[in-house]
Amino acid sequence: MYLIAIAWLYVALMMALAEASSPQGSLFGALLTFLLYGVAPMALVLYLVGTPARRKARRLAEAQEQAQSLSEPTPDSGQGDGRHHAPAEPLPPVGKEP
């Protein structure tokens, strides 16, 4: 696929050079020719062709993240914050003596 993109950009570059070197052409016209006939269409095509690969990579990353989260040990201390230290003594109720 990249071979086609390189060939397309080469043709667009040659069109831009022909535009720049012609007596009625300009550098601005050559730049617009290269950007609008070469870079913009190839960027769109490569983005659309690469969508399945990006989707597959995202699903693989999500599956690895889920497998890693399932394999992590859970804290046994009963702490809600996940730290591994002994729980504190419970506080007595307010207004009552222990």
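**Entry 1: ground rules.** I am working with a predicted model, in which local features need pLDDT of at least 70 and side-chain atom pairs count only at pLDDT 80 or more, while totals for chains, interfaces and linings use all residues. Residues are numbered from 1 along each chain as its sequence is written, and side-chain values use heavy atoms, with hydrogens and water left out.

**Entry 2: confidence.** I looked up pLDDT, the predictor's confidence in each residue, from 0 to 100. The mean for the protein is 85, and 81% of its residues reach 70 or more. Confidence is highest in helix 2, at a mean of 95, and lowest in helix 3, at 90.

**Entry 3: fold.** I took helices (H or I, at least four residues) and strands (E, at least two) as DSSP runs, numbered from the N terminus. I find 3 helices and 0 strands, in the order α-α-α along the sequence. Helix 1 spans 2-21 and helix 2 spans 27-49; helix 3 covers residues 51-71.

**Entry 4: burial.** My classes are buried (under 20% relative accessible area), exposed (over 50%) and partly exposed in between, with a 1.4 Å probe and protein chains only. Of the 98 residues in the protein, 9% are buried.

Entry 5: I checked alanine 12, which is in helix 1. Alanine 12 counts as buried because its relative accessible area is 2%. Its C-alpha atom is 5.0 Å from that of glycine 38, 26 residues apart along the chain.

Next I checked phenylalanine 34 in helix 2. Its relative accessible area is 23%, so phenylalanine 34 is partly exposed.

Glycine 29 falls in the buried class because its relative accessible area is 15%. For glycine 29 and leucine 17, 12 residues apart along the chain, I noted a C-alpha separation of 10.0 Å.

**Entry 6: patch rules.** A patch takes residues with over 30% relative accessible area and no salt bridge, joining like charges within 9 Å and nonpolar side chains (Val, Leu, Ile, Met, Phe, Trp, Tyr) within 5 Å. A salt bridge is a side-chain nitrogen of Lys or Arg within 4 Å of a carboxyl oxygen of Asp or Glu. Accessible areas come from the Shrake-Rupley method with a 1.4 Å probe, and for residues only the protein chains shown count as cover.

**Entry 7: nonpolar patch.** Which residues form the nonpolar patch on the surface? I list Trp8, Leu9, Phe28, Leu31, Leu32, Leu35, Leu36 and Val39, with about 730 Å² of accessible area together. Helix 1 and helix 2 each supply at least two of the residues, and helix 2 gives the largest share, 6 residues. Valine 39 sits in helix 2 and counts as partly exposed because its relative accessibility is 34%.

**Entry 8: positive patch.** Lys and Arg count as positive and Asp and Glu as negative, with His and the chain ends not counted. I place each charge at NZ of Lys, CZ of Arg, CG of Asp or CD of Glu. Arg54, Arg55, Arg58 and Arg59 gather in a positive patch on the surface. Arginine 55 belongs to helix 3 and is partly exposed because its relative accessible area is 36%.
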